Amino acid sequence: MDMSKYIGIFRSESEKNIQEMSDSLLALEQNPENAEQMNILFRSAHTFKGMAATMGFKQIVELTHEMESLIDRSRTGKLTLDSYLIDILFECLDTLERLVEEVCAGMENKIVGREGDRSEGSNSGPDAEKILETLRTINNPSEEYILQKNEFCTFSLDKGIEEKGKRQEVKEKTGEKTEEKAGEKEKGEKEEETEGREKNEKERQSGKEVKTQSPKIHSSRVSTEKLDKLMNLVGELVINRSRVKELTGKLKSKDLDFALSDYQKLTRELQEEVLEIRMIPLDHITNIFPRMIRDLARGQNKKIDFIIRGKEIKIDRAIIEEIGDPLVHLLRNAVDHGIETPEKRVELGKEETGKIIITASRQQNYVLIRIEDDGKGIDAEEIRKIAFQRRLISRDEAEQLSERELIQLIFTPGLSTASEVTDLSGRGVGMDIVKNRIEHLGGSIKVDSKPGTGSRFELRLPITIALCQSMLVKVGMERYAIPFTNIIKSISVRKKDVRHIRSEEVILINEKTLPLLRLRKLFQLPAIENEENLDIVIVEKAGQYIGLVVDSLLGKQEIIIKTFKSRLLEKTRGFAGATVMGDGSVILILDINSIT
C-alpha cells in the first residue's frame, strides 16, 4: 500500500504524541510517583510505535519499542525512574523528533519528485544507534548495567564513585525484582485471561447488540494555503459589501435595503467563521517552553519555576508563526541575564528558586503577552555607560536620556550588558530582531525593569493581521487609517494650550508632557491658518506616548489590510499597507512604530 498520502497525518500525530511524552516526563521529574502521568507516558509511546509500524519506519519502531519497555519497567517497579533515566528518555524524544522530520521530508520530496530524498535515519543514524544501544543495555537485566552518561546525555548529574554505586544499586534491584515478579506476572496473566473469557460469555448470553453504525467525522484537515486563499476571498467580499452599501444608499430602494441587510449579515457571519478557523491557541508554541527552560536552567545550574498563564488564548495562525522566535529569545535572556544562581539569590535574600512567568490575556482589540522574571533586572546606568563606550549614543544624549529611554536602548543592535559571550547570548544581537518582528506584525513591545527586582516585557499584538479595527482620520484632502492596537485615546485641545520645549510642540495631560507630531508637517502639507482647536490621536510608540495632530476624526472603521507587494513600496517607512473603501478609494494605513 502507498503510505505517502498519510505522511501529513503521521507528522501531525507524531508531534502530538512526542509533546505528550515530553509533558509527562516534566511532570514525573517533579513527582516520580505520579501514576497517571506514567500511564500517559506509556500510552503515548505505545500509540506512537503503532503509527510508525503502520508507516513502515523500522528504526523509529525499534527505538520507540525499547523506550516503551523502559517506561513499562519503571511503571511496574522494576526500575526507579531517577533523573538520569529521565535524561535518557528526553534524549530519546529529541532523536525521535529528528527521525520523524527526516522521514517525512524524505517522503514529501519523493512525492513531488525533488532531489535530496532523505531515507530514515540518514542524519540521525549514529545518534539513534547510540541511544538504542543504551536503552537495550538498561532493558536487558542479564547484562551488566553500564551507562556512560556524558556520551548520551546533555546533562550529567552523578560522576565517579556515585555513578558506580548507582549502577550497582540498579543492577541489584533489577535482579531481585525480576525473580519476585516473574511468578506474579504469570499468575496475573492467567487470572486476566479467565476473567476475560467469563466477561465475554456473560455479554454473549445477555444478548447485547453490537454497534455497527459508522462513526461520524467531526473534523477534517485543511491546508494552510487553502485557508489563506479563503481569507483573501472573504476580504474581497467584505470590500464588495461596502461598495454595494454605497450604491444602495444612492438608489433608495426598500427592497434593495432588505436584501442588503441579509447580505451584510451573511458576509459578517462568514467572515467571523473564517477568522475563527484561522485562530489557534497560544499553547501551540508555548508547549515547547517548559522543556527548554528546564534544559537551560540545568545547563547553568539554576533553579527556575516556570509558569504559563492564558495559553488557551487564540491568535491568528500567521501571528503565531511569527512570534515563536521572539518569545524564545526573551525567555533565553531571562534565564541567562535575569535569574541568578541559587547561591547568589540566597545572598540577596531571595528564594533560591527564581520565577519566570508568561501571561497572555485578551484585550478589546489586541492580545497582551507579558514575560516577567524576578531576577537581577536591567541597570539603566550600566546601559548608559556601555552605549556611550560603543558610540551608540553621543555624550549629550547619554546625559539627557531618562531611565525609561535608556532601557529602550537594549533594542539597539550591538548593545549587550553581558560580561561574556555564552552560547545563549552576549553578542548584542537578537533584541533588535525581536522588536522588528513584533512591529512588523503591527504590534509593539515595552519593557519595565528595576535593578534587583526583575524585568517585565509586554507584547501588544493584533488578534489577526488580515483584519483590524481602525480610526479613520483626515489630513489635507486624504484619509488615513490608524490601527486601534496603537491608539490610547483621542482628544481635542485648544491651540493656546500648546507649549514649546526646544522648538518642539507639547501639551500637558495629567501633569505629564505629551510631544506632538503634526501629520500635515510630516506629509509636507501647508499648515492650517487660524485654527482654534487641535484634534489629537494619542498613540504608543516604543513605550512612549505621542500625540498625532490630524485635521479631523472620521470615526471607527473595520478594514481589510492589504500589504505592499511591489518592490518599490515594500520598504516604504511610515505605512503598514493599504485598504480599499466601499467607494473604491484606497486609504493608506499608518505604521506608528516606523513613523518619524
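I started with handedness: a crossing is left-handed if the near helix is turned anticlockwise from the far one by less than a right angle, and right-handed if clockwise. By that rule, H12 passes H17 in a left-handed crossing. The contact (heavy atoms within 4.5 Å) uses Glu322, Ile323, Asp325, Pro326, His329, Leu330 and Asn333 from H12, and Met431, Val434, Arg437 and Ile438 from H17.

Some housekeeping before I go on. I am working with a predicted model, where local features need pLDDT of at least 70 and side-chain atom pairs count only at pLDDT 80 or more, while totals for chains, interfaces and linings use all residues. Residues are numbered from 1 along each chain as its sequence is written, and side-chain values use heavy atoms, with hydrogens and water left out.

H12 covers residues 317-338 and H17 residues 431-440; they pack at about 145 degrees with axes 9 Å apart. Here axes are lines fitted to C-alpha atoms, for helices over the stretch in contact, and angles run from 0 to 180 degrees between N-to-C directions.

**Whole chain**

How many helices and strands are in the protein chain? I found 18 helices and 18 strands, taken as DSSP runs numbered from the N terminus (helices H or I, at least four residues; strands E, at least two). Of the 596 residues, 43% are buried; that means under 20% relative accessible area, with exposed over 50% and partly exposed in between (1.4 Å probe, protein chains only). Among contacts with a separation of 6 or more, 68% come from residues 24 or more positions apart.

**Cores**

I looked up nonpolar cores next: sets of buried Ala, Val, Leu, Ile, Met, Phe, Trp, Tyr and Cys residues joined through side-chain atoms within 4.5 Å. The largest one has 50 residues, and Ile323, Leu331, Ile369 and Phe457 have the most contacts inside it. H12 turned up again, giving the most to this core with nine residues. A second, separate core of 42 residues includes Met51, Tyr84, Val103 and Ile138.

I then checked what Phe457 touches. Beyond its neighbours within four places in sequence, its contacts include Leu330, Ile369, Ile410, Phe411 and Met431.

**Salt bridges**

My rule was a side-chain nitrogen of Lys or Arg within 4 Å of a carboxyl oxygen of Asp or Glu. By this rule I get 32 salt bridges.

Which residue meets glutamate 29 in a salt bridge? It is arginine 294, at 2.9 Å, N to O. Glutamate 29 sits in H1 (residues 7-30) and arginine 294 in H11 (residues 289-299), so the pair ties together parts 265 residues apart in sequence. Glutamate 29 is partly exposed at 23%, whereas arginine 294 is buried at 10%.

Aspartate 94 is in H4 (residues 83-112), 197 residues from arginine 291 in H11. I have arginine 291 down as buried, at 13%.

Strands join in too. Arginine 370 and glutamate 458 meet at 3.0 Å, N to O. Arginine 370 is in S5 (residues 366-373) and glutamate 458 in S7 (residues 454-462), so this pair ties together parts 88 residues apart. Arginine 370 is partly exposed at 26%, and glutamate 458 is buried at 12%. Both belong to a salt-bridge network that also links Arg404, Lys446, Asp448, Arg456, Arg460 and Glu540.
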